[in-house]
Amino acid sequence: TPGVLRPEQIRELLQALKDNAPIAPDCEITFETSICDLDDDQITACLDGGVNRFSFGVQTFDTKIRRSMGRPDDKDTLRNRLNEISTMQDRATVVIDLIYGFPGQTAAHWQEDLEIAIASSIHGLDTYSLKVFPGSLLDQAIQKGDLPKEADRATQADMYVQAVQTLEKAGLRKLSVCHWGRFDMKEHSRYNRMSKSGAACIPFGAGGGGNIDGMSVMLQGDVDKYEAMVEEGLKPISFASPVTPFHKLCGRVRGDMDRGFLSLGELDAEFKLPVSEYLTPLFDVWERRGLVNRAMDRIDLTLAGQVWNVEMTRSVIGFLQMQLNSKTGK
């Protein structure tokens, strides 16, 4: 995490980026870390080096839930620090991540998280459902009975709807299914939007992963091996593999679904393929089940569809690839 870097290291890294990358004047440069890992000297180094966006993984403001997740900072410390950084010389956009579905988290806890975020000086936020990965420390704590189980999917769906209704009522802009910005227009969510749409993502650092023109790349995860390869003048790639030949189409679908819609007519015209014809059987089923609304050649996800956005996107891409492979023989 960049939060472990000293101010002089932050300056060195950002200068190297400027010296070696073709950065556009309006480039979004984000520094992502835990908010309480960042002191004023580090923030100054970031701003002086060109950082114009901070992303903080707050997850929840609730002190008890935070500490059950191994995060020591209490609600007031977190809230005060967030407002300090958000108003610091007005030189950078500040966004946060909030997660719903934690063990022991109620609808009241979640509502308080949303209201604290709304009342703060931040410019945008993400709302994500909790994912408990098998074998993780959180999973182990739940399995041992040290923590209650995470919220089930139905409860998480209710919490998603709660977030949508609360944030819409507060007047925030919905930038995607899970990302929100204020009407000051400072938050654009460029990285989130472009990465999901298949834009090139060049990995840097041990364990980094990305994609370049349809090639999926993972860098060496062992730090010692990574550094040794760099010292030898070798590219520290652990593996690289080509993805589907239809990766640009799939990227466009993924990006549009993340924003809650698909313009099938535009896909047909742009990729010179009958995408709407291929996907019609799938969307016919989803429309009957209340997951999408159809108007002309546009598909819009309903609120229920937005809850299932990740799974539905995966299904659309899988169904589309199956159709394309059968038609083209690839």
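Predicted model: local features only at pLDDT ≥ 70, side-chain atom pairs only at ≥ 80, totals over all residues.
The lining of the second largest pocket consists, by class, of 21 nonpolar, nine polar and nine charged residues.

**Second largest pocket**

This pocket holds about 910 Å³ of space. Its lining has 39 residues, and those closest to the pocket centre are Tyr-128, Ser-129, Leu-130, Lys-131 and Val-310. Two or more lining residues come from each of strands S3 and S4 and from each of helices H6 (137-143), H7 (153-169), H10 (247-258), H13 (303-307) and H14 (309-328). Helix H14 gives the largest share of this lining, six residues.

**Largest pocket**

The largest pocket has a volume of about 2400 Å³. It is lined by 48 residues, of which Leu-17, Thr-30, Tyr-191, Ile-202 and Phe-204 are the closest to its centre. The elements giving two or more residues to this lining are helix H1 (7-20), strand S1 (30-33), strand S2 (53-59), strand S3 (93-100), strand S4 (124-129) and helix H8 (190-196). With eight residues, H1 provides the largest share. By class, the lining of the largest pocket has 28 nonpolar, eleven polar and nine charged residues.

| Pocket | Volume | Largest share of lining |
|---|---|---|
| Largest pocket | about 2400 Å³ | H1, eight residues |
| Second largest pocket | about 910 Å³ | H14, six residues |

**Sheet S7-S8-S9**

Three strands form an open sheet in the order S7-S8-S9, and their pairing is antiparallel. Strand S7 (209-212) and strand S9 (237-242) are the edge strands, each pairing on one side only. On average, neighbouring strands of this sheet are turned by 20° against each other, direction ignored. Between S7 and strand S8 (residues 215-219), the antiparallel pairing runs over four bridges. Within this part of the sheet, Ile-212 stands opposite Met-215 in S8.

**Helices H10 and H11**

The crossing of H10 past H11 is right-handed.

Definitions and conventions:
Residues numbered from 1 in each chain as written. Heavy atoms only, no water. Pairing = 2+ DSSP bridges. Axes fitted to C-alpha atoms, helices over the stretch in contact; angles between N-to-C directions. 1 Å grid on protein atoms, 1.4 Å probe; cavity = no way out; pocket = protein on both sides within 12 Å on 5 of 7 lines; lining within 4 Å. Points joined across faces, edges and corners; volume = space filled by probe spheres on them. Nonpolar A, V, L, I, M, F, W, Y, C, P; charged D, E, K, R; others polar. Left-handed = near helix turned anticlockwise from the far one by under 90°.
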